[in-house]
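This report describes the fold and packing of one protein chain. The sequence and the model are shown first, and the description follows.

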Amino acid sequence: MGEVTVGDVRVAYDVQGCDDAGAPLLVLIHGTTQDRTGWATITPALASTHRIVLPEMPGSGQTVDGGGPLELDDIVTQIVAVADDALGDASAPFALGGYSLGAVVAAATAAKLRDRVTSLTLLCGWATSDAHMRFEFDLWRRLLETDVELFLRHALSHGFTSAWYDMVGDEMAATVAQATVGLVNGPGAARQAELDTRIDIAGRLDDITAPTRVIGATGDRFVPFRHSEALANGIRGARLDSVDAGHLCILERADDVARLVTDHVAANGAH
């Protein structure tokens with residue numbers, strides 16, 4: 001694990017994949033409640049060709065901060081510091097991707113670093129939290145603060161499609177304890193959910209110049225597909241793709257998501 005200090009935050013990150021120092025760098029940002037392992041279903045497809053940097057946002061994993069409310073611009077600054085530290089160069093290019101809240105952070109980072117981000121992949125992201133999302137993510141915050149297992153039951157119940165349950169059946173109930181380890185990976189998850197209620201980066205989308213692929217899940221009940229459409233429409237030249245899954249498409253349709261991510265990164269990655 002690497003670590004970089006930004007103000008009073010010690011930001012932890014992992015580096016995986018190709019050991020070649022000249023290999024293109026890909027920074028992948030996890031979603032709300034997750035840590036660096038949130039991309040575990042995707043990274044093997046990129047490991048042979050890319051150095052993959054997996055930062056952990058405040059509230060997740062081994063990143064340590066003061067415990068106060070989170071601000072998007074602070075997290076963007078932390079992601080830039082991680083990329084600089086991993087590259088050893090504050091001007092070198094890198095590819096960037098994010099899932100859910102991580103997609104919001106990735107988009108804001110790409111808008112800030114127009115000359116450095118060589119490709120941008122946004123999975124289940126959004127530009128502005130609407131009334132339904134504000135209500136939903138406030139519910140996440142309340143559940144995370146009171147009963148993590150209840151939060152997980154809610155997230156799993158609404159995060160997959162009915163087709164997933166048809167395949168898995170009643171075994172899903174037995175996975176809740178395991179999911180506690182896999183989906184809630186830090187004491188600050190509720191703070192990330194609170195930040196989700198305040199997202200508004202619509203005014204920054206025009207500043208994104210990196211080749212962008214937006215991937216939305218057609219059965220997403222947390223970040224409905226229309227938000228991916230809005231992202232793609234707001235970013236010049238962005239390509240919109242869809243997967244037939246819920247918000248947890250990174251698990252439900254891992255192979256399809258991995259193919260979309262790897263194809264885009266391979267075509268546009270840093271060199």
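What covers the buried residues of H3? The cover includes H4, helix H7 (189-196) and H8. The model is predicted, and side-chain atom pairs count only at pLDDT 80 or more. The buried residues of H3 are Met133, Glu136, Phe137, Trp140, Arg141, Leu143 and Leu144.

The length of H3 can be checked against its residue count. At 1.5 Å a residue, its 16 residues should span 22 Å, and the end C-alpha atoms are 23 Å apart, which agrees.

## Aromatic cluster

Trp126, Phe137, Trp140, Phe151 and Phe222 form one aromatic cluster. The count of aromatic pairs comes to 6. In one of them, the rings of Phe137 and Trp140 have centres 4.9 Å apart and planes at 85°; planes over 60 degrees apart count as edge-to-face, so this pair is edge-to-face. Phe137 and Trp140 are 3 residues apart in helix H3 (residues 131-146), so about one helical turn separates them. An α-helix has 3.6 residues a turn, so residues three or four places apart point the same way.

Phe137 has a relative accessible area of 0% and is buried. Trp140 counts as buried too, at 4% relative accessibility. Trp140 also forms an aromatic pair with Phe151, again edge-to-face, with 5.3 Å centre to centre and 75° between the planes. This pair links distant parts of the chain: Trp140 belongs to helix H3 and Phe151 to helix H4 (residues 148-159), 11 residues apart. Both Trp140 and Phe151 are buried.

## The sheet

The open sheet is formed by 8 strands in the order E1-E2-E4-E3-E5-E6-E7-E8, with mixed pairing. Its edges are strand E1 (2-6) and strand E8 (239-243), each of which pairs on one side only. Neighbouring strands are turned by 20° against each other on average, direction ignored. At one end of the order, E1 and strand E2 (residues 9-17) pair in the antiparallel sense over 5 bridges, and Glu3 stands opposite Ala12 in E2.

Among the helices that pack on the sheet is helix H2 (residues 101-112), which touches strand E3 (25-29), strand E5 (94-99) and strand E6 (117-123). The direction of H2 makes about 145° with that of E5. Helix H8 (residues 225-234) packs on the sheet as well, touching E6, strand E7 (212-217) and E8. For H8, the angle to the direction of E7 is about 170°.

## Nonpolar cores

The largest nonpolar core has 61 residues, and those with the most contacts inside it are Val27, Leu96, Val105 and Leu122. Apart from it lies another core, of 27 residues, including Ala95, Val168, Val243 and Leu260.

Which residues does Leu122 touch, not counting residues up to four places away in sequence? They are Gly98, Ala103, Ala106, Ala107, Thr212, Arg213, Val214, Ile215, Leu231 and Ile235.

## Loop residues with positive phi

Ser100 lies in the loop between E5 and H2. Its phi is near 60°, a positive value in a residue other than glycine. Ser100 has a relative accessible area of 3%, under the 20% cut-off, and is therefore buried.

Cys124 is placed in the loop between E6 and H3. Although Cys124 is not a glycine, its phi is positive, at about 55°. At 1% relative accessibility, Cys124 counts as buried.

Notes:
Residues are numbered from 1 along each chain as its sequence is written. This is a predicted model: local features need pLDDT of at least 70, side-chain atom pairs count only at pLDDT 80 or more; totals for chains, interfaces and linings use all residues. Side-chain values use heavy atoms; hydrogens and water are left out. A nonpolar core is a set of buried Ala, Val, Leu, Ile, Met, Phe, Trp, Tyr and Cys residues joined through side-chain atoms within 4.5 Å. Buried means under 20% relative accessible area, exposed over 50%, partly exposed in between (1.4 Å probe, protein chains only). Contact means heavy atoms within 4.5 Å. Rings of Phe, Tyr and Trp (its six-membered ring) pair if their centres lie within 6.5 Å; planes under 30 degrees apart count as stacked, over 60 as edge-to-face and the rest as tilted. Helices (H or I, at least four residues) and strands (E, at least two) are DSSP runs, numbered from the N terminus. Two strands pair if DSSP finds at least two bridges between them. Axes are lines fitted to C-alpha atoms, for helices over the stretch in contact, and angles run from 0 to 180 degrees between N-to-C directions. The expected span of a helix is 1.5 Å times one less than its number of residues.
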